[in-house]
Amino acid sequence: TGKTHLGLAAGVSLVAEQRFKTLIVSRPHVPDEGVVMTAELRAETAYHEQLAPIEDVLHELIGHDETRRMIEHGLLQILPLGRMRGRTFNDSFVLVDEAQNLTIRKMRMVLTRLGRASQMVVIGDPAQIDLRGDEPSGLEHAIQLIEGADLASVYRFQPSQIVRNDLVARIEALYAGENNAERRAA
């Protein structure tokens, strides 16, 4: 549906309009299948290749040079999730991508980073959770807590809003049909 694209476009525009001083972008590190967890991976403090999709969208939206200029002038920070811990983001537009891969504990940490005159957009697809084992998704948990409260809006994209490619919409429909059949059988 272009969730990351829409969120980054909004953030870049709001910073350009000077409605926010900084665009903060993060996403959780999801270890590749079969990768052994190390202290370094667990810490999530090093800039890693999983932030590349964010850079790809920024380069598409504003180009390499403007992305670099925004970073150099402190208007844009692309952070590994672990670098958010203990910080408060004031006057910032904070975008958290791939939030379905946050545990409840990490989602709580992220949501409580919001400072004065700031706004946060949390993006994720509950159908594509990559957490290990029986860890519940912090995104689903946060939606349950927030939905119906007077704290934030929750928007759910519909399959008809898939814009990547018509084939992707058809593939998603197949997966949705398969999941519905499994639920009915259970």
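**Reading strand 1 and its surroundings**

Biologist: How many bridges join strand 1 to strand 2 (residues 76-80)?

Modeller: Strands (E, at least two residues) and helices (H or I, at least four) are DSSP runs numbered from the N terminus, and two strands pair if DSSP finds at least two bridges between them. Here 5 bridges join strand 1 to strand 2, and the two run parallel. Within that pairing, isoleucine 24 has glutamine 77 of strand 2 as its bridge partner. Strand 1 also runs parallel to strand 3 (residues 92-96), again with 5 bridges; there serine 26 stands opposite valine 96.

Biologist: What should I know about the model itself?

Modeller: It is predicted: local features need pLDDT of at least 70 and side-chain atom pairs pLDDT 80 or more, while totals for chains, interfaces and linings use all residues. Residues are numbered from 1 along each chain as its sequence is written, and side-chain values use heavy atoms, without hydrogens and water.

Biologist: Which element has the lowest mean pLDDT, and which the highest?

Modeller: pLDDT is the predictor's confidence in each residue, from 0 to 100. Helix 2 (residues 39-43) is lowest, at 55, and strand 3 highest, at 98. The chain mean is 85, with 84% of residues at 70 or more.

Biologist: Why is strand 1 largely enclosed by the rest of the structure?

Modeller: Buried means under 20% relative accessible area, exposed over 50%, partly exposed in between (1.4 Å probe, protein chains only). In strand 1 (residues 22-27), 6 of the 6 residues are buried, so the rest of the structure largely encloses it. Thr22, Ile24 and Ser26 point one way, Leu23, Val25 and Arg27 the other, and all are buried.

Biologist: Is tyrosine 155 buried or exposed?

Modeller: Tyrosine 155 counts as exposed because its relative accessibility is 56%. It lies in the loop between helix 5 (138-146) and helix 6 (166-185).
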